[in-house]
Amino acid sequence: MRPFEDRGPAPQGRRPLYGWLGAEGVSLVGTRVSMVALPFFVLTTTGSPEKTGLVALAELLPLVVLKVLGGPVIDRIGARRVAISCDWGSLAVVGAIPLLHGAGHLPFPAFLALVAVAGALRGPGDSAKHTMTPTLAAAADVPLERVTGLSSTVERTASMLGAAIAGTLVAVIGPANALVVDSVSFGASALLLAWAIPARTKPVVDTAADPAPYVEQLREGWRFLRSDRVLVGITVMVALTNLIDLAWAAVLVPVWGIERGGGAAAVGALFATFAGASAVGSLVAAAYGERLPRYATYLVCFLVTGLPRFVLMGVDTPLWGILAFCVVAGAASGFLNPILGAVMYERVPEHLLGRVSSLSSACCWALMPLGGLVGGFLVGSAGLSAAMLVCGAAYFAVTMLPALDSRWRGINRRRDVAPALATSLA
């Protein structure tokens, strides 16, 4: 298998890695802008919270479904081609929203359809970019954990900057015009990927050697994923923590801000502090992560970033104390994605990487739409303090189960993927 495709030999070096990181950063800033601009656009044009929720569902559902279905396509035609094609498609679809709105030709059903198509493009596009990770690490001769750490740093920094930029744009130029920034970011991402990552002439999967139909290839990826106990454990754990984290971020923290008197300013300070510390933690993980024992680091970091923040917020800790702890918890969280990402890329065979990583990623996202419902139900039925403690206890149980399973200790054994993957760029 050759992860990149279309013409001629590619030079070894770090330009592909840096270009990929740049494309990720630009795209993520735009995506974070749309996360703020889209709900404000719906609320200002329709005044309906119900329609706002429907838009979120319209984007997320096709995103998850196409993450699953796009895996075999990534393996067959190449991660580069899929990522660039989806970025160009996203530029057109997202850009159509402010254009049609400005022309007065954007009824709500059409808007809903455009959001759904944008989500459908983002699913395989994101998966394709992530699939490039091990090949880029090998080509740049950089440890896999360093690349996953840099990727996590870019993600968290872009999230922090994107949220800040979004608030300013929505306030100054309006939510519809703010979506132009998201559209342009996809075009910039496509150009960066096309410039930085070499194309290939040979197909990613040789159909003569691998003549299995699409559905069988999809099943093959699923069979491999469920056969690896550690990968299944990581996928289930991340899916459940994503659910709890979304309940915390979407419901528990805003209610905390209102009930404890800090308001939107306190909520913004909490998220900014946590995200900033997490970016720093990811950067440290990129520099030193390959020297750390993965299993012990996983357990310690989840112990720090999980239960304590729920307890502190549940027992009415002063704002300065919570912000101080968010520095510690955020920094610890920055080590987690580099470790888990490296384990995933090392354990999956190259020819299955698109399928398995897409399936795992889709499963990790699958429970997130329920996060707000869970958080709202807990607060409404038991109050904020009890909801915080229940979520904290659940987070602790989910993340500490690997301490009882000796097979998880196998994540300490690093597998050298560079020699085989490096030939993909030769």
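Which residues of α5 are buried? I listed them as T133, P134, T135, L136, A137, A138, A139 and A140. I take buried as under 20% relative accessible area, exposed as over 50%, and partly exposed as in between, with a 1.4 Å probe and protein chains only. Helices are DSSP runs of H or I with at least four residues, strands are runs of E with at least two, and both are numbered from the N terminus.

Basis. I am working from a predicted model, in which local features need pLDDT of at least 70 and side-chain atom pairs count only at pLDDT 80 or more, while totals for chains, interfaces and linings use all residues. Residues are numbered from 1 along each chain as its sequence is written, and side-chain values use heavy atoms, with hydrogens and water left out.

Whole chain. I counted 18 helices and zero strands. Of the 426 residues in the chain, 54% are buried. I then looked at contacts, meaning heavy atoms within 4.5 Å. Among contacts in the chain with a separation of 6 or more, 90% are between residues 24 or more positions apart.

Helix α5. This helix covers residues 133-140, and because eight of its eight residues are buried, it is largely enclosed by the rest of the structure. I looked up T133 in α5 and noted that it counts as buried because its relative accessibility is 3%. Beyond its neighbours within four places in sequence, T133 touches W20, L144, V147, T148 and Y345. After α5 comes D141, with a positive phi near 55 degrees.

K129. I placed this lysine in helix α4, residues 108-131. K129 counts as buried, since its relative accessibility is 2%. Its contacts, leaving aside neighbours within four places in sequence, are W20, E24, S27, A83, D87, S189 and L193. I also checked K129 against G354: the two are 225 residues apart along the chain, and their C-alpha atoms are separated by 9.8 Å.

α1 and α6. Helix α1 (residues 15-46) packs on helix α6 (residues 144-173) at about 35 degrees, with the axes 7 Å apart. Axes here are lines fitted to C-alpha atoms, for helices over the stretch in contact, and angles run from 0 to 180 degrees between N-to-C directions. Nonpolar covers Ala, Val, Leu, Ile, Met, Phe, Trp, Tyr, Cys and Pro; charged covers Asp, Glu, Lys and Arg; the others, Gly among them, are polar.

α11 and α14. At what angle do these helices pack? I noted about 140 degrees for α11 (residues 294-305) and α14 (residues 336-347), with axes 9 Å apart. That makes the pair oblique, since angles under 35 degrees count as roughly parallel, over 145 as roughly antiparallel, 65 to 115 as roughly perpendicular and the rest as oblique. The crossing of α11 and α14 is left-handed. On the α11 side I listed R294, T297, Y298, C301, F302 and T305, which meet L336, I339, L340, A342, V343 and E346 of α14. The contact of α11 with α14 divides into eight nonpolar, two polar and two charged residues.

C301 counts as buried because its relative accessibility is 8%, and C86 does so at 9%. I found zero disulfides, taking a disulfide as a pair of cysteine sulfur atoms within 2.5 Å. Last, I looked up D316, in the loop between α12 (307-314) and α13 (319-333). D316 is not a glycine, yet its phi is positive at about 65 degrees.

Definitions and conventions: A crossing is left-handed if the near helix is turned anticlockwise from the far one by less than a right angle, and right-handed if clockwise.
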